[in-house]
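Here's a quick tour of a protein model, going from one side chain out to the whole fold and back to a second side chain. Have a look at the structure first.

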Amino acid sequence: MSFRHTIRSAPARSAGLIGAAALTLAAGATVTAQAAVYQPTVLYTMSNAAAAQGGNAVLAFRAQSDYVIPFASFATGGDGTGSALGSQGALALADSGQRLLAVNAASDTVSAFAIDEAGDLRLIDTASSGGTDPISLTVRGQLVEVLNAGSDSVSGHWLGDEGLR
């Protein structure tokens with residue numbers, strides 16, 4: 001089983017507190033630090049499991065102080081190869097950390113997930129990779145480029161609210 005990972009910190013929910021602190025600092029006063037707002041750090045990795053093993057899944061872990069706790073597995077809607085991909089970009093974050101993309105090498109697809117504030121994933125789309133044996137992807141803005149090792153090709157997709165086009 002091969003593992004690829006991406007780390008995401010949940011966005012802070014204290015914009016008002018930050019704005020108040022900035023306003024206080026601008027007025028020349030000193031600010032004493034209050035207890036930090038908890039922001040879970042989530043580690044995502046991919047199982048690359050074949051159909052006979054239940055299909056590919058994104059595995060999620062929460063970082064807690066000095067250790068990492070597994071908390072969920074999210075099916076990609078596709079299949080992995082069941083062995084190492086030999087790639088570095090099988091998962092990628094997009095849309096300022098609000099989306100996660102994963103390759104499904106055995107089913108020649110790419111899956112797009114929405115990420116909620118707790119780090120849970122919701123599958124929003126699974127689309128053709130545009131070739132065979134996708135092993136890596138990268139994102140720039142809403143453009144998703146997929147490297148297909150089996151067909152020696154790179155294909156482009158657009159990531160929108162409804163998924164990949």
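Which side chain does the side chain of T109 make a polar contact with? That would be the side chain of S107, at 3.1 Å. A polar contact here is a pair of N or O atoms within 3.5 Å; within protein, one must be able to donate a hydrogen and the other to accept it, and residues adjacent in sequence count only if both atoms are side-chain atoms.

## Ground rules

This is a predicted model, where local features need pLDDT of at least 70 and side-chain atom pairs count only at pLDDT 80 or more, while totals for chains, interfaces and linings use all residues. Residues are numbered from 1 along each chain as its sequence is written, and side-chain values use heavy atoms, with hydrogens and water left out.

## The overall picture

The protein has 1 helix and 12 strands, with the elements running β-α-β-β-β-β-β-β-β-β-β-β-β from the N terminus on. Helices (H or I, at least four residues) and strands (E, at least two) are DSSP runs, numbered from the N terminus.

Of the 165 residues, 41% count as buried, meaning under 20% relative accessible area (1.4 Å probe, protein chains only). The accessible surface comes to about 8,700 Å², and 54% of that belongs to carbon and sulfur atoms; the areas come from the Shrake-Rupley method with a 1.4 Å probe. Take the contacts (heavy atoms within 4.5 Å) between residues at least 6 apart in sequence: 50% of them join residues at least 24 apart.

## Back to T109

T109 sits in strand β7, which covers residues 109–115. T109 has a relative accessible area of 14%, so it counts as buried. Leaving aside residues up to four places away in sequence, T109 touches a list of residues that includes G78, A102, T126 and P134.

β9-β10-β11-β12 is the order of an open, antiparallel sheet of 4 strands. Its edges are β9 (134–140) and β12 (163–164), each pairing on one side only. Two strands pair if DSSP finds at least two bridges between them; β10 (residues 143–148) and β11 (residues 153–160) are joined by 6. Across from E145 you'll find G156 in β11.

## S155 in β11

S155 also belongs to strand β11. With 12% relative accessibility, S155 is buried. A polar atom of the S155 side chain lies 2.3 Å from the backbone oxygen of S129. S129 also turns up among the residues that S155 touches, along with G130, V144, E145, V146 and N148, not counting residues up to four places away in sequence.

Terms used:
Buried < 20%, exposed > 50% of the residue type's maximum accessible area, 1.4 Å probe, protein only.
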